Amino acid sequence: MTNPGSIAGGLILIFLAGICNGSWNASFSPVVNLAVGKPQSQQNDLHYHHAFALFQIYATIINIPICIYWAGGPERVTGILAETSPLSIILVVLFSLIWGVGTLLFGLACKIAGVGLGTNLSMGIIAVIGTLLPLIVDGTLITIAGAVICVGLIICCGGLWLSTKALALRDEDESTGGGDEKDSSIAVSPEHDSIEDGTAVKTAATIQ
């Protein structure tokens with residue numbers, strides 16, 4: 001039986017992981033520019049999928065030494081690899097490669113569908129496949145534990161659906177309000193107005 005200390009430690013690590021995962025893009029702020037090394041006076045022009053790919057590179061570089069140290073150092077890691085079958089190592093590398101490709105495609109999904117909708121759709125697919133597939137492979141889907149996990153999965157998907165619905169309502173509201181504002185701005189001075197990224201940008205005439 002797992003002792004309460006281990007459970008508490010696991011929950012704390014999950015909490016910290018959630019904070020780190022939710023704040024990864026703070027260093028890519030156009031104002032701070034910590035991740036790209038530009039002066040704060042210059043705004044970076046990184047797209048979301050570019051920033052996400054750069055974040056993954058940083059994470060890999062930082063995490064490899066940490067994992068090697070946690071496993072007992074380079075000598076222990078070398079010993080573990082020597083005792084592991086080549087097929088197991090190949091499978092680990094293969095699925096790690098697939099995971100990396102999926103991570104980059106996640107950034108592209110956010111570029112195409114938007115960060116909110118892309119994240120919800122991706123997380124929904126990951127939650128469903130990542131939860132049901134192991135249960136099916138292990139043959140534990142039709143058990144009490146499997147039923148409890150499926151109930152939690154349904155609740156999770158329901159939350160993702162509500163989030164997607166909220167995003168759709170927000171976009172509908174912004175498009176309705178933005179369209180009225182855009183039309184009124186264009187009507188004021190049509191010869192000096194231009195449209196950039198769906199926003200009316202008013203350019204004043206040169207003052208003599």
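L104 sits in helix α4, which covers residues 86–113. In this predicted model, L104 is partly exposed, with a relative accessible area of 44%. If you follow the chain from L104 to Q56, you pass along 48 residues, yet the C-alpha atoms of the two are separated by 8.5 Å.

Helix α4 also holds G107. Is G107 buried or exposed? With a relative accessibility of 0%, G107 counts as buried. Its C-alpha atom lies 8.4 Å from that of G118, a residue 11 positions away in sequence.

Now let us turn to the surface. A nonpolar patch is formed there by I57, Y58, I61, I62, I66 and W70, and together these residues have about 680 Å² of accessible area. W70 belongs to helix α2, which spans residues 48–70. The relative accessible area of W70 is 71%, so this tryptophan counts as exposed.

Here are the residues with a stated accessibility, side by side.

| Residue | Relative accessible area | Class |
|---|---|---|
| L104 | 44% | partly exposed |
| G107 | 0% | buried |
| W70 | 71% | exposed |
| C157 | 27% | partly exposed |

How many disulfides does a search of the whole structure find? The search finds zero. A disulfide is a covalent bond between the sulfur atoms of two cysteines. For C157, the closest cysteine sulfur belongs to C156 and is 5.5 Å away, which is too far for a bond. The cut-off used for a disulfide is a sulfur pair within 2.5 Å. C157 itself is partly exposed, with a relative accessible area of 27%.

The chain has 208 residues, and 14% of them count as buried. Its accessible surface comes to about 15,500 Å², with 70% of that belonging to carbon and sulfur atoms. Among contacts in the chain with a separation of 6 or more, 32% are made by residues 24 or more positions apart.

Finally, a word on confidence. The average pLDDT of the chain is 75, and 71% of the residues score at least 70. Which elements mark the two ends of the range in mean pLDDT? Helix α3 (residues 74–83) has the highest mean, 87, while strand β1 (residues 193–196) has the lowest, 38. Over residues 179–208 the pLDDT is below 50, and this stretch has 23 contacts in the model beyond near neighbours in sequence. Where pLDDT is low, the predicted coordinates should not be read in detail.

Conventions
Residues are numbered from 1 along each chain as its sequence is written. This is a predicted model: local features need pLDDT of at least 70, side-chain atom pairs count only at pLDDT 80 or more; totals for chains, interfaces and linings use all residues. Side-chain values use heavy atoms; hydrogens and water are left out. Buried means under 20% relative accessible area, exposed over 50%, partly exposed in between (1.4 Å probe, protein chains only). pLDDT is the predictor's confidence in each residue, from 0 to 100. Helices (H or I, at least four residues) and strands (E, at least two) are DSSP runs, numbered from the N terminus. Contact means heavy atoms within 4.5 Å. Patches are made of residues with over 30% relative accessible area and no salt bridge: like charges are joined within 9 Å, nonpolar side chains (Val, Leu, Ile, Met, Phe, Trp, Tyr) within 5 Å. Accessible areas come from the Shrake-Rupley method with a 1.4 Å probe; for residues, only the protein chains shown count as cover. A salt bridge is a side-chain nitrogen of Lys or Arg within 4 Å of a carboxyl oxygen of Asp or Glu.
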